[in-house]
Amino acid sequence: MWIRKILRDLKKGVDSPMPTQVVSNEEFIPRRQTEQQKQVEYLIGELAKERAKKLGMDRRAFMASTMGLATCFLASNKVFGNYWDVDEAETWEEAAYQEKWPKGEYFIIDVQTHFTNGQVLPFRNLEFVRNMGFNLKNDAEAYSFQNFVKEIFFDSETEMVVISGVPTREQHRDESGKILVDQERTPGPGAILPSWLMAKSKKILNELAGSTRALCQGNLAPNHYWNRATNSMDRAATLEQMERELNLYKIDSWKWYCHFDPGRSGGGFQLDDENAFWFYEESRKRGMKLFSVHKGYSYQSRTLGHLANPKDVEKAALQYPDINFVIYHSAIKHGPNEPNWKESNKYDPTTGDFEWHSVLMDIKKRNPRMNNVYCEIGSFFGPLAIADPVLAMHGMGKNIKYYGADHVLWGTDCLWWGSPQWVIDAFKRFQISDELCERFGYKKITREDKAKIFGLNAARLYGIDVKARRKAFPADTLTRLKTAYLEKGGQRSNAAYGWVRAND
Amino acid sequence: MISMQQPIWNFEQEPYDEPPDETSINLRAYFDRMDDEKMQQYRPEWTDEQVMEWDENFRDDGNLMLLCCERDVDVKEYRKVLEECIRYRNRVRGKIKASPL
């Protein structure tokens, strides 16, 4: 039986702002909590109890503070080695954190955020949530969106998001020929984050904020409209949807999953096949030249699984140098997040290679001048960091070594992992050890590198004027709501919504 | 646990009654990875709750923990496809065991 991590923690009495085991985002089966992770979890509890008591705070409030989060990294250092840059003082006083990590140092754009699949969450009855200023329906979908705003914007330093989709095919018309709108376009259960919903959520959020806080992706892909009679792509229907997503939804990037088949074409597609090339040409004519592509995590289907291998990035990127490809999850296949990763040689400790991630790295090694491929790090950096910080050093070390710090993008895959503040803190505190730099040729990550990865690279790709945004945000409604939320005692829930085994 | 090896079975690529989406394909692939001995334990007379307990891979929302799928798979669809898979295995078992893929 699988349950959401939040439920597991409630049952076990665990309250930790940093997940102490890998959770599933429904794209991979997570490893059980390891012995080391159990130790970290135990230590977080003990250290927090001691500190909260001495500080006269209740434990819940302590865990929601910067001190609680700093305590998690201190606990990790005690188990894995002294890898995270955390001072004991940060676990005792907020001021020490504020001094060490100045507020607003980084402009954070999260290019991989998701809602919680319409789940009604327990926070809905809290006073500050009822009065958050949203004018939405009283249903699961609306509450999911409110929770998304709370966890991402109020409970973390994230300043902008890209709402990232899940492949869904929209139905153009009903039987009478009437053009369908919104929910009508994705009837029945299962449409988690269709393009129309992402666009609508982006609009609501930006109108509420009075500034541009959210961007969104469009799900349309070459196999969504399929002519079964000719067993070929339905180009007319594809163009109709392309126009709709670009002109009506005003999407900011495409989001492709080559190993999904919502159009029931009988297979997936590849970035370097004829249909994809046709799509690039049509999209380019209409001004959209940003393609975000899920690579890595995939099921083991013979028919579809291999389509998530990043091997097809090379030809597409070389043939279309003016199109930018953002490769999600940095294409890690399974690796150390999964149960039998050791037996399957999914990670090689002698080289620091992860399966499929190494394919992406090899593409850049072969094509050093290729400049239009980016590594996104959602459900890559975070889970590696909590599995073992050394794994994160290899993953990030290679991304930066081969693609450069200006070609790595910040993404978190939250809300699967709860509020992203823990992974933001982790990256602030992250460094590659001298030993690994020497042995593997990695570079130390500077604060300038981190600034690029946290947001400046995404800003460049999405055409965001960071200076103007930084000027506008402090005065927008979202900032005012966040201030009111914090003044009323709003706290991070420390809930992760991904899946874990009920007995883990 | 998901095996990283391709299984001897290939129910996944048997003909479908209607065009499959990735969920239908992945569900068949899921059964291809189920141990034959375990699959033979299945009894059609079991209640849905018994099936979910037996499989051990359902979520507390009643759907199967199936990866990379747009649709959820409930126990009704699970049982239908499982029973098709059992018929497939009964048909090919002798041939496959005699000459493994």
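**View 1. Helix 1 of chain B and its cover.** Helix 1 of chain B is mostly covered, with 11 of its 11 residues buried, where a residue is called buried if 20 or more other C-beta atoms, placed from the backbone, lie within 10 Å of its own. This is a predicted model, in which local features need pLDDT of at least 70 and side-chain atom pairs count only at pLDDT 80 or more, while totals for chains, interfaces and linings use all residues. Residues are numbered from 1 along each chain as its sequence is written, and chains are lettered from A in the order in which they are written. The buried residues of helix 1 of chain B include B:Glu22, B:Ile25, B:Tyr30 and B:Asp32, and the buried residues of this helix pack against helix 4 of chain B. Helices (H or I, at least four residues) and strands (E, at least two) are DSSP runs, numbered from the N terminus.

**View 2. The crossing of helix 1 and helix 4 in chain B.** Helix 1 (residues 22-32) of chain B packs with helix 4 (residues 75-98) of chain B at an angle of about 50°, and their axes are 10 Å apart; axes are lines fitted to C-alpha atoms, for helices over the stretch in contact, and angles run from 0 to 180 degrees between N-to-C directions. Helix 1 of chain B is therefore oblique to helix 4 of chain B, since angles under 35 degrees count as roughly parallel, over 145 as roughly antiparallel, 65 to 115 as roughly perpendicular and the rest as oblique. From helix 1 of chain B, the contact is made by B:Leu27, B:Arg28 and B:Phe31, and from helix 4 of chain B by B:Val81, B:Leu82 and B:Cys85, two residues being in contact if their C-beta atoms, placed from the backbone, lie within 7 Å. By class, this contact of helix 1 with helix 4 of chain B has five nonpolar, no polar and one charged residues; Ala, Val, Leu, Ile, Met, Phe, Trp, Tyr, Cys and Pro count as nonpolar, Asp, Glu, Lys and Arg as charged, and the others, Gly among them, as polar.

**View 3. Helix 2 and helix 4 of chain A.** Helix 2 (residues 35-55) of chain A and helix 4 (residues 66-80) of chain A pack at an angle of about 135°, their axes lying 8 Å apart, which means that helix 2 of chain A is oblique to helix 4 of chain A. Among the residues that meet are A:Leu43 and A:Leu47 in helix 2 of chain A and A:Cys72 and A:Val79 in helix 4 of chain A. The residues of this contact of helix 2 with helix 4 of chain A divide into 11 nonpolar, five polar and two charged.

**View 4. Strand 7 within the sheet of chain A.** Chain A has an open sheet of eight strands in the order 2-3-4-7-8-9-12-13, with parallel pairing, where two strands pair if DSSP finds at least two bridges between them. Strand 7 (residues 253-257) of chain A pairs in the parallel sense with strand 4 (residues 214-218) of chain A over two bridges, while four bridges join strand 7 of chain A to strand 8 (residues 290-294) of chain A. The bridge partner of A:Gly218 in strand 7 of chain A is A:Trp254, and the bridge partner of A:Trp254 in strand 8 of chain A is A:Phe291. Both faces of strand 7 of chain A are covered, with A:Ser253, A:Lys255 and A:Tyr257 buried on one side and A:Trp254 and A:Trp256 buried on the other.

Key
A residue is buried if 20 or more other C-beta atoms lie within 10 Å of its own, exposed if 12 or fewer, and partly exposed in between; C-beta atoms are placed from the backbone.
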